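Subject: Structure for your review

Dear colleague,

Please find the structure below, followed by a short account of what was found in it. I would be grateful if you could read the two side by side.

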Amino acid sequence: MLLNEAEVSAQVKQRFGEAFEQLDLAVRTVTSIFGNESLSINSLRELNRSTLDVILVQLSKACRTARAVQLVCERGLGQDAAVLLRCLFEDWLCVRWLFASDVVVRAQMVWAHDAQRRLVQ
């Protein structure tokens, strides 16, 4: 535990409690999608399974990052939360980029980039 962490956490929660509750509700709403084993997206029939996987991975990643931002903020660690916000922005940017044009082709590009990155690590 950091010096004065409990005190800072209480002050932050008192000041920003409502905002944290709204963020928590948003994250829980989005993640509830994954609680249903029979998830189906009928309105996007032109998408193949790998394209849908890319979209869901990005959504899942964004939800985990949003939750991490909330937890770090609740501890009064604003600078660390800013780093995570950058990751959340990049997730959002990726999803925007995916849907800006041919989503199937762009999803294949994301998979290829990820595969290439795994090869060099």
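By class, how many nonpolar, polar and charged residues does the lining of the largest pocket have? The lining has five nonpolar, two polar and six charged residues. Please note that the model is a predicted one.

This largest pocket has a volume of about 380 Å³. It is lined by 13 residues, of which Gln58, Lys61, Cys94, Val110 and Arg117 are the closest to its centre. At least two lining residues come from each of helix H2 (49-74), helix H3 (78-100) and helix H4 (103-120).

The second largest pocket holds about 220 Å³ of space. Among its 14 lining residues, those closest to the centre are Leu23, Val27, Ala62, Ala66 and Leu88. Helix H1 (5-31), H2 and H3 each give two or more residues to this lining, and H2 provides the largest share, with seven. By class, the lining of the second largest pocket comprises 13 nonpolar residues, one polar residue and no charged residues.

Helix H4 may also be of interest. Its 18 residues should span 26 Å at 1.5 Å a residue, and this agrees with its end C-alpha atoms, which are 26 Å apart. Val103, Arg106, Ala107 and Val110 are buried in H4. Viewed down the helix axis, the buried residues of H4 fall within an arc of 105 degrees, so they line one face of the helix. These buried residues pack against H2 and H3, whereas Leu119 and Val120, on the other side of H4, are exposed.

With kind regards

Note on methods: Residues are numbered from 1 along each chain as its sequence is written. This is a predicted model: local features need pLDDT of at least 70, side-chain atom pairs count only at pLDDT 80 or more; totals for chains, interfaces and linings use all residues. Side-chain values use heavy atoms; hydrogens and water are left out. On a 1 Å grid over the protein atoms alone, a cavity is a set of points where a 1.4 Å probe fits but cannot get out, and a pocket is an open set with protein on both sides within 12 Å along at least five of seven lines; lining residues have an atom within 4 Å of a point. Grid points are joined across faces, edges and corners, and a volume is the space filled by probe spheres set on the points. Helices (H or I, at least four residues) and strands (E, at least two) are DSSP runs, numbered from the N terminus. Ala, Val, Leu, Ile, Met, Phe, Trp, Tyr, Cys and Pro count as nonpolar, Asp, Glu, Lys and Arg as charged, and the others, Gly among them, as polar. The expected span of a helix is 1.5 Å times one less than its number of residues. Buried means under 20% relative accessible area, exposed over 50%, partly exposed in between (1.4 Å probe, protein chains only). The arc is that of the directions from the helix axis to the C-beta atoms. Contact means heavy atoms within 4.5 Å.
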